[in-house]
Amino acid sequence: MKIIGIGTLFSGGRGIDAFQQALAKGWQAPSPLACRDRTLPAYQVDLDGMADRTVLKKLRRADKLSKIAVVAASDAVADSGLGAAEQQKMGVIVATAFGAHATTFAFLDGILEYGDAAVSPTIFSNSVHNAAASYISSALAIQGPTLTVTQFFFSFQAALQLADAWLREGRVEDVLVGAVDQVGEVMGYIAASRLAIARDGRIKPFVFSPAEAVPGEGAAFFVMSSRDRGSAYCTVDGLRFHDDLSGPVRSDLDILDADGLSIDESSYISSLVPGVPAAAYAPLYGSMMIGSAFSCAAGALMLKEQRCFASPVPDNPRGLAIVREPADSSIEFIRCIRYNCSTDRAVIELKKA
Amino acid sequence: MNSRPVLITGLGALSAAGATVADTAATFRSGRPGGGPVTLFDSPLAYPAFEVKDLPRTFLREGLRTVSLALAAVDEALQEAALVKELPKFRVGVCLGTTVASQLNDLDFYRSYRSTGSAPLEPVERYLKGNLSDAVARAVNARGPSLTIVNACSSGADAIGVALTWLRNGLCDIAIAGGADELSRIPYCGFASLGIMSAELCAPFDRDRKGLNLGEGAGVVILETAECAAKRGASSDLFLAGYGSCADAYHLTAPHPEGLGLERSLAKAFAQAGIGPGDVGFVNAHGTATLENDAAEGKVLAKVFGPGIAVLSTKGFTGHTLGAAGGLEAVFTALGLREGRVPASAGFRNQDPLIPLAPVQKETPVSARFAVSTSLAFGGNNAALVIGREVKA
């Protein structure tokens with residue numbers, strides 16, 4: 001399947017152009033997230049500062065997670081150039097690790113403050129996991145199959161696998177597939193309690209252990225197509241899960257999703273192939289279980305542009321071969337590699353279109 | 001589309017209607033609904049619910065009631081499929097739907113954080129271990145694809161549809177599919193706030209229906225390719241013929257009043273199954289007993305199948321089990337085909353003049369080769385499953 005459109009929204013801005021600029025510009029400091037009596041660094045999306053008179057006006061009652069998802073999804077569809085008729089028939093798969101947790105906690109506020117009989121139906125409606133997908137389908141008039149899926153670290157990869165299967169069986173000709181998650185006060189507390197937070201705001205992906213995190217939020221959506229289109233970013237050539245070692249490893253660049261969500265991320269080292277440089281871009285958008293979607297966007301951009309972007313935080317105590325400077329490159333294959341806390345692995349294999 | 005045959009070799013069901021498929025069939029025959037006051041949590045609200053009273057201790061996982069419910073239904077389904085010990089030999093996928101288990105909504109955890117700025121993390125750790133499909137996959141040692149569907153009330157049906165896609169794409173040989181959900185205070189309050197819960201036992205499709213009752217349970221099917229079944233010497237006369245899913249693209253909480261998404265879903269499911277509405281013997285409808293759902297769904301079913309189609313809602317026996325509903329109702333649909341009869345639609349008394357059909361009011365024999373289970377979800381998603389039974393000459 002081919003990636004024919006991408007939409008991203010993260011702390012660095014909206015749209016694939018903003019993401020490309022962030023990749024070129026390098027590391028930027030996160031902003032403070034207040035968690036009661038302390039703050040921690042976090043990469044947060046600023047929706048209030050976003051000028052939008054078309055998509056967001058349809059979402060006045062939606063929560064932040066849904067708005068982030070719809071904006072990125074809408075931009076991916078626009079980027080794809082699909083016509084209205086094609087758009088109407090496409091499928092939608094939204095991946096999320098945690099869903100609308102901030103809205104869920106707001107609903108719990110209602111129970112605790114006002115009692116079981118006086119909670120807000122609007123907040124409840126927005127807390128349901130598939131609310132974002134519902135807003136996407138209604139805002140973009142998409143009437144195909146619409147699913148929301150969750151698999152923690154591998155939510156995006158599993159969604160991508162299903163999108164590929166839908167295309168192969170002819171259920172749809174195009175799929176809008178993407179991932180969204182948000183950060184919030186309670187999730188910040190959980191992150192600060194369970195993880196080592198990088199107090200200097202820098203995720204250092206190649207330190208591996210002890211790994212430090214900076215929570216992030218955002219969405220990356222892709223229009224996947226079975227059709228042959230000239231303007232594709234790249235092809236998703238394969239998806240490998242767990243111990244699938246079948247076939248040769250083909251890679252000109254490995255993007256590691258090391259982002260501090262596990263204290264020890266040394267497993268990534270075993271995935272590296274001699275002679276293949278590695279990069280990691282989580283320092284641009286933050287630590288997210290769905291961060292692989294952003295890695296996939298970075299890989300797709302690099303294959304299209306035939307240009308490698310530098311790892312934004314190049315601390316590299318093991319002296320690994322990493323991309324230190326941006327450079328025009330001849331890239332045929334990119335692997336996006338993610339490990340979970342149980343050291344299971346998922347790999348997205350991208351190929352030049 | 002790939003039309004590789006996919007057999008249903010095992011069924012598992014656990015709900016207020018029974019701890020097993022056989023228990024459920026007995027409850028269906030007795031016609032006695034199992035709803036009553038909520039006992040699982042305290043709430044000043046007084047809406048009846050359908051609780052599982054006899055969850056076997058073997059499957060209990062502390063703080064993970066949805067996983068526990070799922071494990072019980074999975075075990076029953078694997079027993080029927082004769083796969084309990086054989087499973088690790090095959091590429092097995094797990095695709096289950098849920099709503100409650102996907103949310104980090106532990107009220108005690110949050111109350112503590114609100115009041116003190118800190119809270120014990122055990123509920124968070126449990127939640128992180130409680131991804132439904134992963135938890136089941138770990139428990140049964142399945143190493144194929146794993147995916148939890150969180151599509152609100154169609155989650156279970158969609159999970160079965162996703163598993164069908166996996167099997168027909170060769171991603172696994174066997175799939176454990178369906179849905180599970182526990183009764184939780186959070187959606188209980190939420191659905192009450194939406195004004196769609198009934199203070200009486202629910203009455204799907206009835207003229208005087210006042211809303212839904214929540215329930216809990218798990219419904220699981222074992223799906224496998226015919227080649228895999230043949231290789232291990234298994235057989236089944238039940239098969240999954242088609243799945244269709246379409247969004248209304250209309251509203252966050254209300255179905256499209258004309259049920260356009262459901263109608264398209266049925267057409268997609270028929271196309272995949274290679275059948276038409278005339279081949280269908282009965283429909284296990286979503287039938288939640290809310291005004292909007294039953295009106296929209298009834299219109300579509302009458303339009304697509306004609307007003308004489310045998311329709312039932314089993315929510316009068318189970319309550320609305322949310323993410324489990326599509327799984328349970330797929331099991332009940334398969335059971336109806338296997339037994340050649342469907343139960344009376346519990347709770348129904350009077351036909352609604354605004355709905356051009358009435359559900360079956362007594363146990364009804366069915367002899368068709370195909371039956372349909374429909375699901376309509378919060379968020380405007382719709383799903384239809386076509387289940388078939390090979391009739392031996």
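Which residue is the bridge partner of A:Ile93 in S6(A)? The legends below lead to the answer. This is a predicted model, in which local features need pLDDT of at least 70, side-chain atom pairs count only at pLDDT 80 or more, and totals for chains, interfaces and linings use all residues. Residues are numbered from 1 along each chain as its sequence is written, chains are lettered from A in the order in which they are written, and side-chain values use heavy atoms, with hydrogens and water left out.

View 1. Helices (H or I, at least four residues) and strands (E, at least two) are DSSP runs, numbered from the N terminus. Strand S5(A) covers residues 91–95, and it is largely enclosed by the rest of the structure because 5 of its 5 residues are buried (under 20% relative accessible area, with exposed over 50% and partly exposed in between; 1.4 Å probe, protein chains only). In a regular strand, side chains alternate between the two faces of the sheet. Here A:Gly91, A:Ile93 and A:Ala95 lie on one side, with A:Val92 and A:Val94 on the other. S5(A) runs parallel to strand S7 (residues 174–181) of chain A, joined by 5 bridges, and it also pairs with S6(A) in the parallel sense over 4 bridges (pairing needs at least two DSSP bridges). To answer the opening question, A:Ile93 has A:Leu147 as its bridge partner in S6(A), while in S7(A) A:Ile93 stands opposite A:Val177.

**View 2. Where chain A meets chain B.** Here 61 residues of chain A are in contact with 67 residues of chain B (heavy atoms within 4.5 Å). The two chains bury about 5,500 Å² between them, 60% of it on carbon and sulfur atoms (accessible area, 1.4 Å probe, lost on being put together and summed over both). The rule finds 4 salt bridges across the interface (a side-chain nitrogen of Lys or Arg within 4 Å of a carboxyl oxygen of Asp or Glu). A:Arg194 and B:Glu125 meet in a salt bridge, at 2.6 Å from N to O.

**View 3. A strand pair between the chains.** S6(A) and strand S4 (residues 146–149) of chain B pair in the antiparallel sense over 2 bridges. Look for A:Thr150, whose bridge partner in S4(B) is B:Thr148.

**View 4. The surroundings of B:Ser345.** This residue is found in the loop between strand S11 (341–342) and strand S12 (364–365) of chain B. B:Ser345 is buried, with a relative accessible area of 4%. Leaving aside neighbours within four places in sequence, B:Ser345 is in contact with B:Leu312, B:Ser313, B:Pro359 and B:Val360.
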